[in-house]
Amino acid sequence: VKVILPRIDHLFQRRKHDLQRVLNNMIQEVLPLKDVELLASLITETLRQSLYVSNLSIFLWNDREKCFKTVRGETVPKDEHFSTDSRLLKFLATEDQVIFRDEIDLSPRYEPIRCLLSPDSWPGIKAVLPFIHKGRVTGILMLGGKENLKDYDDQEREFLSTLRAEVSISLSNGLLYNDVAMMSNELKRWAKELEVRVEERTEELAISKQALEVAYEKLQESDRAKSRFFANISHELRTPTTFILGPVEMFINRELGLVTFDQEKYLRVIHRNATRLLNIINKLMDLMKSESGSVEL
């Protein structure tokens with residue numbers, strides 16, 4: 001006995017030292033990780049190498065689909081999509097600790113979730129590690145038995161408790177990083193779509209501007225043609241009107257001989273209306289000059 005007991009104690013201390021070293025190494029590797037897939041892979045390999053776990057499953061919260069998804073696992077429940085309002089999640093968030101199968105089967109405090117973690121639903125499960133952040137379950141690790149078929153001893157349970165606390169922080173950071181990366185990708189996609197729309201709209205505006213310029217040039221040409229037309233018509237009307245006024249004034253002034261009273265009366269009517277017509281023609285010519293900018297009304 002005196003020989004065996006010290007050796008047993010030495011083995012236990014060595015085992016505890018080995019687990020602590022494994023945990024320290026894992027923490028150093030976990031800290032810089034931002035990819036939850038890599039984090040799940042690291043947890044899986046660490047537990048298999050240190051505790052010789054026969055099977056395990058990791059479920060992580062998917063914020064886009066609003067449910068838990070399996071990222072690593074051999075043991076998959078009949079319904080792997082945990083509801084956000086399920087009794088199991090609420091219980092795990094309240095307890096915030098590792099739960100072992102023997103405790104679930106024997107302790108009255110686990111009565112509310114005993115049927116939820118029954119061997120029929122979760123065959124082979126020996127321990128449940130909930131990853132909690134700010135009172136919310138962000139991930140769940142289901143551990144099967146060990147390859148040597150022994151139960152988890154006190155050192156291994158302490159190891160799992162410490163591992164759960166460290167992984168909870170890293171997992172929350174990883175999920176947050178994924179959310180930020182997803183938002184960044186969405187913003188890039190929106191920016192690209194907006195850029196394409198701006199380019200399309202700019203091209204449409206350029207085409208519209210070109211069409212407006214063509215229409216404006218045609219309008220200006222039409223306006224110039226109208227001005228030329230009115231100018232020509234005004235000149236054409238002004239010349240014969242002037243030639244009408246000249247002889248009429250000469251008859252009224254008796255420069256071409258004597259006229260009777262009735263003749264003079266009609267001559268003055270002709271003179272008055274010819275003068276009125278000439279004034280109208282002059283106003284039209286002034287209007288054409290104002291539109292061309294050569295004269296201000």
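How many helices and strands does the secondary structure of the chain come to? Here are some friendly notes.

1. The answer is seven helices and five strands, where helices (H or I, at least four residues) and strands (E, at least two) are DSSP runs numbered from the N terminus. Starting at the N terminus, their order is α-α-β-β-α-β-α-α-β-β-α-α.

2. Please keep in mind that this is a predicted model, in which local features need pLDDT of at least 70, side-chain atom pairs count only at pLDDT 80 or more, and totals for chains, interfaces and linings use all residues. Residues are numbered from 1 along each chain as its sequence is written, and side-chain values use heavy atoms, with hydrogens and water left out.

3. The chain has 297 residues, and 31% of them count as buried (under 20% relative accessible area; exposed is over 50%, partly exposed in between; 1.4 Å probe, protein chains only). The chain exposes about 19700 Å², with 57% supplied by carbon and sulfur atoms (Shrake-Rupley method, 1.4 Å probe; for residues, only the protein chains shown count as cover).

4. Leucine 237 lies in helix H6 and counts as partly exposed because its relative accessibility is 41%.
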